[in-house]
Amino acid sequence: SAHLTMPPRKETNGNSTAERGELRQRGSTAKEQELTTNGADHDAEEAKSDLRGEYGNILLLLVLYTLQGLPMGLSAVLPMIMKERGASFSDVGTFSLHSWPFSLKLLWAPLVDTFYVARIGRRKTWMVPAQLLIGLVMIAMSMSADGLLYAEKPAVLTLTVLFFCLYFLCATQDIAVDGWALTMLRPENVGWAASCNSAGQTLGYAIGFTGYMVLEQQKLVTLASFMFALGLVFIVVTVLVALLKTEKPIPPEEEPEDIHTSYRQMTAMLRLKPMLVLVSVLATWKMAFPVTDAIAPLKFQEAGVPKEHLAYMTSLMMPLYIMLPVIAGRWTAGSTPLNLAMRAYPVRVALIAATVALTYCTPASMTPTPYGFYAAIFIIGGLGACASNLMFVSSMAFFARISDPAMGGTYMTLLNTLNNLGGMWPPTVAFKLVDAMTCKGPTCIVEADGFYLTSAICLFLGVAWYFVGVPVVRALQQRKLEEWKVL
C-alpha cells in the first residue's frame, strides 16, 4: 500500500511468501510442511545455510524479482501524470483496478502449479512466455503511450486494461518464480528466496517509479522510450534465462496435486465458522486508510507539490519498507500476534487527521523550497509506513499460526489473498467518492471539496472499526487451533 508519499502500490510480498509456502508444502516432508505452516523458520537448525555455489542462483532470483517490480513502479507514475493532464480522482480510481490480478492470482495459481511441459521445465513453462509477453506488451504500449496519456483527456479505460494485462502476466511470473526458487536453491538456503523477493521487487519498483521520474526530469527519457527500454530488458533477460539456465526435473514423489483437490480445499476452508469472521475483519479493517495510502499524494500534487519531490521522498523510505518487517518479526511471537496490529491501528487512524491537516496547510508556492513542510510529509509518511508494515507482519504471523498443517501452503495463500483484497477496494471507492462529493462553481449551492468529506468519512470508519473490531480480533485469537482445521 501507499503511505502518504508512496504512490498507490500493490503489496505483493505477502502473496509471494504464501505461494512459497504452498509450493514447499507440496514438495517437502511432513516435518518441512509443519515448519513452513507455522511460519517459524527453523531450517537453520536442520542444516546451516551455506551459499557456496548458490550465488549465481541468488543473483538470478534477484534479477527475476526486480523485473517483476518494474511495471509496478511504472504504473505508480501514471496517476500523477493523469492528474497533471486533468484527470479526475474518479479516473484514478478506475485506473487503480489494474493492480487487482496480484490479489486474485490464487484463482489460477493451481493451474500454473499443475500444468507444464516437462521438456521445458515446470516453472519455465509459464515464466518464459509470461516475461516475453510482458516485454512485447510494453514495447507495443510504448508506441501509443504518448497518445493515450498526453491526449487532451487521458485514455483511462484503455490504460487500465493494458496495465491490468501487465499485472496479470507479472502475477503469473511471480507464481512460477516463487516455485522455481524452492528447487533452484538448496533446502538450507530456501529462506534467501524471501530476501530476493523483497529486495528485488523494491529495487524494480524504485527503478520504474523514481528512476523514471529522475530521468524524465533531466530530459533523458520520455515515457515511451522508457517503456520501450524496459520491454527490451524483459525480452533479453528472458531469452538468456531460457537458453542458459536449466531447470531440475521433478522427482515422481514431488509431482503436484491435481487441480480439483486444490480448489476443493479452498472451498472447505471458506466454510469454517471462524474463517467467516476473519473474512469480515480482513474485508473491512483497511477501509479507513485510502486517504493516507492513495489519495493524499495526488492531493499534494494538485496543490502544487512537484511529483518528482514526492518520488524522492518515496525513495528515502525504501529501506524502511525492506527492514521493518524483519525487525517486527520478533514482536509477533506467541499466541496473540494480532495484538501488534491492534496497537498500530489507532496510529494509522490518527494519521488520517494529520494528513488532512497537512494537506490543508500546503504552501501556496513551492519557491523557496518549504523544507519544514517537506519534513512534515516525510515524518507522517514514515509513521504511516511503520504502522502499515506492523499490521502486515502481525497478520502474516497470525495466518501462519492458524494454518492447518495438512494444507498449510494453500491455507496461507488463501488468507493472504483475502487480506490483500481487503486493501484493494477502499482506494477505488474513495477515489470515486472524492469526485462525487466535490462541488465547485456557480451551480453549487454550497461549494465542497470531496477530499475533506471523504477524509471525514474515513476517519469516522477508522474510529468505529477500532471500537467494534478490536474485541472481535481478540476473540478470534482465543479460538482453539482445532477450530481452524479442515476436517
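Residues with a relative accessible area under 20% are termed buried, those over 50% exposed, and those in between partly exposed. In the predicted model described here, glutamate 483 has a relative accessible area of 32% and is therefore partly exposed. Its salt-bridge partner is arginine 479, with the closest N and O atoms 2.7 Å apart. Arginine 479, at 27%, is likewise partly exposed.

The secondary structure of the protein chain consists of 20 helices and 0 strands. Of its 487 residues, 55% count as buried. Among contacts between residues at least 6 apart in sequence, 86% join residues at least 24 apart. The accessible surface of the chain amounts to about 20,200 Å², and carbon and sulfur atoms account for 68% of that area.

Helix H12 spans residues 223-244 and contains 22 residues. The distance from its first C-alpha to its last is 32 Å, close to the 32 Å expected at 1.5 Å a residue. The buried residues of H12 are Leu223, Ala224, Phe226, Met227, Leu230, Gly231, Phe234, Val237, Thr238 and Val241. Viewed down the helix axis, these buried residues fall within an arc of 170°, so they line one face of H12. Their cover includes helix H4 (55-84), helix H8 (124-142), helix H9 (145-149), helix H10 (156-184) and helix H11 (192-217).

On the other side of H12, Leu243 and Leu244 are exposed. For leucine 244 the relative accessibility is 69%, which is why this residue counts as exposed.

H10 is mostly covered, with 21 of its 29 residues buried.

In total, 12 salt bridges were counted in the model. In one of them, lysine 153 pairs with aspartate 91, the closest N and O atoms being 3.2 Å apart. Lysine 153 lies in the loop between H9 and H10, whereas aspartate 91 lies in helix H5 (residues 89-95), so the pair ties together parts that are 62 residues apart in sequence. The lysine 153 side of the pair counts as exposed, at 53% relative accessibility, while aspartate 91 counts as buried, at 15%.

A further salt bridge joins the side chains of arginine 123 and aspartate 113, with an N to O distance of 3.2 Å. Arginine 123 is located in the loop between helix H7 (109-114) and H8, and aspartate 113 is located in H7 itself, so this pair ties together parts that are 10 residues apart in sequence. Arginine 123 counts as buried at 4% relative accessibility, and aspartate 113 counts as buried at 2%.

Besides the pair of arginine 479 and glutamate 483, salt bridges that share partners join Lys83, Lys299, Glu302, Lys440 and Asp449 into one network.

Methods: Residues numbered from 1 in each chain as written. Predicted model: local features only at pLDDT ≥ 70, side-chain atom pairs only at ≥ 80, totals over all residues. Heavy atoms only, no water. Helix = DSSP H or I, 4+ residues; strand = E, 2+ residues; numbered from the N terminus. Expected span 1.5 Å × (residues − 1). Buried < 20%, exposed > 50% of the residue type's maximum accessible area, 1.4 Å probe, protein only. Arc of directions from axis to C-beta. Contact = heavy atoms within 4.5 Å. Areas by Shrake-Rupley, 256 points an atom, 1.4 Å probe, with all protein chains shown as cover. Salt bridge = Lys/Arg side-chain N within 4 Å of Asp/Glu carboxyl O.
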